[in-house]
Amino acid sequence: MSALEDRQVLSARGVTVRFYTYAGVVHAVTDAYLDVYEGESVALVGETGSGKSVFTKALTGLIDPPGRIESGSVLFRRRDGRVVDLLKLSPEEVREIRGDEISYVFQDPSSALDPLYTAGDHIAETITEHRGVPKGDALREAVSLLRDVMIPNPEVRVKNYPHELSGGMRQRVVIATAIANKPRLLIADEPTTNLDVTVQAQILDLLKDLRSKYGMSLLLITHNLGVVAETADRVYVMYGGRIAETADVYTVFESPAHPYTQLLLRSVPNPLKKIERLESIPGTVPNLIDMKPGCPFAPRCPFAMEVCSREDPPRVDLGGGHVVHCWLHAKR
Ligand SMILES: Nc1ncnc2c1ncn2[C@@H]1O[C@H](COP(=O)(O)OP(=O)(O)O)[C@@H](O)[C@H]1O
Ligand SMILES: [Mg+2]
């Protein structure tokens, strides 16, 4: 187990998650890794089914049977400075950290909110649970949190039930709940996917503002590279359950090294360049059941060589934090 660097909040290494289903073993995440530093915004990007949600849930052990975290370490620096391996803690110890020092915002705000509880109840509950604050005080804090997430008339809204709020408002309540205990790391998994476009931009702006206001780090999971360009300092590209490439956001858009990243860029409007025609990536995401060795992208890769479907790709360090897992870049 290696230590954390200065200013590093989280370091995941070798995370492998499988699901043991009747149809076979799903290799959802293989040898995945991720670093998050204090105050930075990190994006994890890849098509649907590439393992983003499973990987980021596994960071705090949120994998239920038939899933199993087979291996890996997730070092996390707690508020008090202690470094722990989240995958070695007891479920009770991780539960103490989750919702407090690390919190999640998921795609669908409706399923995150209980229809029988008000906005204030949701926020107050997490404050009471983790900090032992009496309910009355927690509800007063909830009003100020609703103000922080830019909900108008927070004194009124705090008493609203989920059905009385719009989708965008509901996601703001979920975000208020997630930041209620001032987490060191906020993990937002496709937080805007189910919202309409104007609301999406507002929620992303809100997350960016909250990151600096609360001094937290943000891990944003998205299949949308437009969102990445807007929000992230550094990017991890995931494909077939593996990290394909990582670099700072500028490098990802200007000189992507992995053929998958290159194709992904051509399939979305690139905010840094004018491209007239958008292409879609031919083929489909790999079936992760009973995966064979080799690069998962090889069957769709326009540059695939014989070795690519035979052996796992090497990790190639291109310098400056730019790392690609691809045979095309292997040093001979
Ligand atoms: N509970 C489960 N049982 C079986 N397979 C699962 C389960 N959850 C996720 N998977 C599989 O794990 C893979 C990665 O899924 P996921 O992490 O949700 O992808 P993404 O978030 O990138 O869209 C997919 O092949 C998915 O079918
Ligand atoms: Mg997902």
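Tutor: We can start at the end of a helix, H8, which is followed by glycine 215. The phi of glycine 215 is positive, near 60 degrees. Keep in mind that this is a predicted model.

Helix H8 itself covers residues 197-214, which makes 18 residues. From its first C-alpha to its last it reaches 26 Å, close to the 26 Å expected at 1.5 Å a residue.

Buried in H8 are Val199, Gln200, Ile203, Leu204, Leu206, Leu207, Leu210, Arg211 and Tyr214. These residues are on the same side of H8, because they cover an arc of only 155 degrees around the axis. On the other side of H8 the exposed residues are Val197, Thr198, Asp209, Ser212 and Lys213.

What do the buried residues of H8 pack against? There are strands and helices among their partners: strand E3 (41-45), strand E7 (185-189) and strand E8 (217-222), together with helix H5 (135-148), helix H7 (167-179) and helix H9 (225-231).

Take the strands from that group. E7, E8 and E3 belong to an open sheet of eight strands, in the order E6-E7-E8-E3-E9-E10-E12-E11, with mixed pairing. Its edge strands are strand E6 (102-105) and strand E11 (315-319), each of which pairs on one side only. From one strand to the next, the twist averages 20 degrees. H7 packs on this sheet and touches E6 and E7. The direction of H7 makes about 175 degrees with that of E6.

Some pairs in this sheet can be followed strand by strand. As a general point, strands of a sheet pair through backbone hydrogen bonds, either parallel or antiparallel. E3 and E8 run parallel and are joined by five bridges. Serine 41 stands opposite leucine 218 in E8.

E9 and E10, in contrast, pair in the antiparallel sense, over six bridges. Valine 235 has alanine 247 in E10 as its bridge partner. The two strands E9 and E10 form a hairpin with two residues between them. In that turn, glycine 240 has a positive phi of about 55 degrees. E10 is mostly covered, since six of its seven residues are buried. E10 also pairs with strand E12 (residues 322-325), in the antiparallel sense and over two bridges. There, glutamate 245 has valine 324 in E12 as its bridge partner.

Helix H11 (residues 259-266) lies across E3, strand E9 (234-239) and strand E10 (242-248). H11 runs at about 105 degrees to E9.

H5 has 14 residues and reaches 19 Å from its first C-alpha to its last, close to the 20 Å expected at 1.5 Å a residue. Its buried residues include Ala138, Ala142, Val143, Leu145, Leu146 and Asp148. The buried residues of H5 pack against H7 and H8, and also against helix H4 (119-131) and helix H6 (154-157).

Like H8, which is followed by a glycine with positive phi, H5 has a residue with positive phi just after it: methionine 150, at about 65 degrees. In the loop between H5 and H6 is isoleucine 151. Is isoleucine 151 buried or exposed? Isoleucine 151 is buried, because its relative accessible area is 4%, and buried means under 20%. Leaving aside its neighbours within four places in sequence, isoleucine 151 is in contact with Leu146, Arg157, Met169, Arg172 and Val173.

UniProt, in an unreviewed entry, places the feature "domain: ABC transporter" at residues 12-265. The span of residues 12-265 is 39% helix and 28% strand, and its end C-alpha atoms lie 26 Å apart.

Notes
Residues are numbered from 1 along each chain as its sequence is written. Chains are lettered from A and ligands numbered from 1 in the order in which they are written. This is a predicted model: local features need pLDDT of at least 70, side-chain atom pairs count only at pLDDT 80 or more; totals for chains, interfaces and linings use all residues. Side-chain values use heavy atoms; hydrogens and water are left out. Helices (H or I, at least four residues) and strands (E, at least two) are DSSP runs, numbered from the N terminus. The expected span of a helix is 1.5 Å times one less than its number of residues. Buried means under 20% relative accessible area, exposed over 50%, partly exposed in between (1.4 Å probe, protein chains only). The arc is that of the directions from the helix axis to the C-beta atoms. Contact means heavy atoms within 4.5 Å. UniProt positions are given in the numbering used here, feature names are shortened, and annotations may be inferred rather than shown by experiment. Two strands pair if DSSP finds at least two bridges between them. Axes are lines fitted to C-alpha atoms, for helices over the stretch in contact, and angles run from 0 to 180 degrees between N-to-C directions.
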